[in-house]
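Good morning, colleagues. I shall present one structure today, beginning with a sheet and the helices on it, and ending with a cavity.

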Amino acid sequence: MTAISRRGFGTLFAAAALTLATQAGAQDLTGVTLRIGDQVGEQRARLEAAGLLDDLPYEIEWSVYPAAVNLHEALKAEAVDIGMSADSPAVSAIAGGSQIKIAAAFHNGGLGTSIIVPKDSPIQSIEDLKGKTISPTTRGSVAHYLTLGTLKKAGIDQDDVKLAFLTPVDASAAFQSGGVDAWAIWGIYKARSIGVLGARELYDGQGVNTGNIVYAVTEKTLEDPAKIKAINDYLARIEKSYEWARENREDFLSFYEGFSKQDRATVEPLYAEQTAYKRLPIDDAFVASLQNVFTTWVDAGVLSGSLNLSSYVYRDLPVIASN
């Protein structure tokens, strides 16, 4: 994707990008290729818009996936080294036998994934979902997690609704045709549905969503010291891209208009959820949060057995607190 104008980017972030590259270059990452799984291409596009892929001391091989389930299939097959998703599909992947560890996490306060309904829908509250057909998008996704939590919040048994698991593209088609009454969805898909179709946000997920996105790395990749250094540099650039977005609202919105192919009125309401992410320490509190996600999946009958999530985190990457 072609980078947009960096008008107003500012010398502070340009200098930060240069410092990141210089530091990583000093670690001699020549010849390293980091294979990154990217959902819908958003990570790469935002980094390019912020000027944070200039002068990389290593190569990046990008692979784009439409949803977390596809990205985690690639991680399980070791087709990529690292990939970002919400925490709930990452936990599902680990429970499914994926040889990955969570090496980094960011938090945005619980925003991002919502339940939406068509503009003329008679559904006005989450209690009205009883007896309806809901697409949680893909099984094991953050939207599935939100759907289960929302039903529990409304006092609705899973047997009292019909869950239609669909890919984001197929769920979008079903939503437009009236094949589903409600749709749990995120990001660009949500923006397009609201902007083009006039869909209404029934529930924004706060109180159910953790708001955590995580970076899962294959265990094989973590055996390579050079790739660990490249990952550390890459994650620092991700942090800087969110700082850029918060400090350069207009530039970010211009970028997101082009990326999502929507007008300003559609993307502007998404500004807070898209830019609020700040790095979390990979500590006991974070592990407890992951464990709670697993417990929620088990209680809902999605997963079974037991799992000690502390064995599936990598705590050795440094975390510098965001301002």
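**The sheet and the cavity**

Strand 5 (residues 113–117) pairs with strand 9 in the antiparallel sense over 3 bridges; pairing requires at least two DSSP bridges between two strands. Ile 115 has Tyr 203 of strand 9 as its bridge partner. The model is predicted, with pLDDT of at least 70 needed for local features and 80 or more for side-chain atom pairs, while totals for chains, interfaces and linings use all residues. Residues are numbered from 1 along each chain as its sequence is written, and side-chain values use heavy atoms, without hydrogens or water.

Strands (E, at least two residues) and helices (H or I, at least four) are DSSP runs numbered from the N terminus.

Helix 7 packs on the sheet and touches strand 5, strand 8 and strand 9, contact meaning heavy atoms within 4.5 Å. The direction of helix 7 makes about 130 degrees with that of strand 8; axes are fitted to C-alpha atoms, for helices over the stretch in contact, and angles run from 0 to 180 degrees between N-to-C directions.

What is the order of the open sheet? Its 5 strands run 7-6-8-5-9, with mixed pairing. Strand 7 (162–163) and strand 9 (200–203) are at the edges, each with a single partner strand, so one side of each lacks a neighbour in the sheet.

I turn to the lining of the largest cavity. By class, this lining has 16 nonpolar, 14 polar and 4 charged residues. Here Asp, Glu, Lys and Arg count as charged; Ala, Val, Leu, Ile, Met, Phe, Trp, Tyr, Cys and Pro as nonpolar; and the others, Gly among them, as polar. Helix 7 (187–197) and strand 10 (212–218) are among the elements that each supply at least two lining residues.
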